[in-house]
Amino acid sequence: MLNKLKRIDWMIVAILGVFAVISPFIVYSSTVGTKFEPANFEVKTIVFYIIGFVVMLAVTLFDYRLLLKGWIIWMVITVLLLIGLYFFADVTMGAKGWYKFGGLSFQPAELAKIVLILSLAQLLGKREGEPLGFVKDLLPIACVMIIPFGLIVAQPDLGNAMILIVIFIGMLWIGGMKYRHMFVGTAIVGALIAIVVILFTQFGPQVESFFKDTLGQNHWYERINTFINPESASKDESHQSRYALIAIGSGGLTGDGFLQGELKSRNFIPLTYSDAIFVVIGEEFGFQGGALLLLLYFFLIYRMILIAFQCYDLRGSYIIIGIVSMFVFQIFQNIGMMIGLMPITGITLPFISYGGTSLILNMVCIGLVLSVRIHQEKYQLDE
């Protein structure tokens, strides 16, 4: 065990330690003066971090290759948990996405990300870097992704469903996808985006009616329409995006100061402790605070990519690429939706936003990365 501990990338652990200091303070600031202040979210965040570091260490010391061998079991468990939501979960923030256990909650969509990464890493690893065939490889791999994707979309949870797609694309890109398949896939995605834009700009009322009458909810329509047609969106639909921009802009270069964010304190922006926590950073610490946070993310991603390059086992590299794809997209999406670059979804900011399930499973992901690093002895790879 001592030899394994010596091989841990302690720079990654140090970066997580910085996040563990930053997050409770930002979460605390985001709840001061709001109806969430008595909930002690900052204390819970500290507890979640303590649990997260313990879980991360346990995963780090566990050989990741044993987890890969059981990928089918993990996928079956995840699918069953996602199906169970339709029978045992209540609607929270417009979606059936959480199991509630007293004051605790668990979101299976977060688990689905890790399980998908492990599943794809094992399936792609069997090809040993060879180009992927369409019928033999791509279709079976796509089916593994589509099942949890469909269940998460139906909750409805557009944000986490998008993350599964990003993980899928990122791992296929590194895993040997042929250029012609990549070109066709890119063309299909581009065509779908163009169709969505045309539908929302030219047939807005009909699309809204479809969401209300057929799908039974208007949540997605409001968020997508606010992004595509901000000038036509109602004040209620564009409330969060408008005030988020105002708050971040008011922070300027240095910010208003810790606990001094005016728009946050006056409850103009919902979910500042979760989805919109970057607004608190931008308003209270300004451009320099946001830039320093992005720099921390950069170093974290950089260290993980270094481990992927140094990995002898392709499956380990695929795991890291899947995790990197997930983190990069979550960071870009969360910050982008607060500054008008992306549509608003329920994606949180990794290691900063409040959320026990999200934080602990993110720590599991880091544990997997560190496990890949410390279990790369050449003599163990002849399996």
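## Basis of the model

A residue is called buried when its relative accessible area is under 20%, exposed when that area is over 50%, and partly exposed in between, with a 1.4 Å probe and with protein chains only taken into account. The structure is a predicted model, in which local features need pLDDT of at least 70 and side-chain atom pairs count only at pLDDT 80 or more, whereas totals for chains, interfaces and linings use all residues. Residues are numbered from 1 along each chain as its sequence is written, and side-chain values use heavy atoms, with hydrogens and water left out.

Q330 belongs to helix α15 (residues 314-338), where helices (H or I, at least four residues) and strands (E, at least two) are DSSP runs numbered from the N terminus. Q330 counts as buried because its relative accessibility is 1%. When neighbours within four places in sequence are left aside, Q330 is in contact with K113, I163, I347, T348 and P350, contact meaning heavy atoms within 4.5 Å.

G84 is located in helix α5, and at 8% relative accessibility G84 counts as buried too. Residues up to four places away in sequence not being counted, G84 touches A89 and Y99. Between the C-alpha atoms of G84 and K96, which are 12 residues apart in sequence, the distance in space is 10.0 Å.

## The kinked helix α7

Helix α7 (residues 134-153) spans only 25 Å between its end C-alpha atoms, while a straight helix of 20 residues would span 28 Å at 1.5 Å a residue; the expected span is 1.5 Å times one less than the number of residues. A kink of about 25° is located at I146 in α7, shortly before the proline P148, the bend at a residue being the angle between axes fitted to the seven residues ending there and the seven starting there.

The buried residues of α7 include D137, L138, I141, A142, V144, M145, P148, L151 and I152. Among the elements that cover these buried residues are α5 (71-88), α6 (108-125), α8 (158-174) and α9.

I198 is found in helix α9 (residues 179-202) and is partly exposed, with a relative accessible area of 46%.

A191 and L120 are 71 residues apart in sequence and 26 Å apart in space, C-alpha to C-alpha.

## Salt bridges

The structure holds 4 salt bridges, each defined as a side-chain nitrogen of Lys or Arg within 4 Å of a carboxyl oxygen of Asp or Glu. One of them joins D9 and R303, whose closest N and O atoms are 3.0 Å apart. D9 lies in the loop between α1 (2-7) and α2 (10-31) and R303 in helix α14 (residues 277-309), so this pair ties together parts that are 294 residues apart in sequence. D9 counts as buried at 4% relative accessibility, whereas R303 is partly exposed at 24%.

D63 and R65 form another salt bridge, with 3.0 Å between the closest N and O atoms, and both residues are buried. The side chains of D313 and R315 also meet in a salt bridge, at 3.2 Å from N to O; D313 is buried with a relative accessible area of 10%, and R315 is buried with one of 15%.
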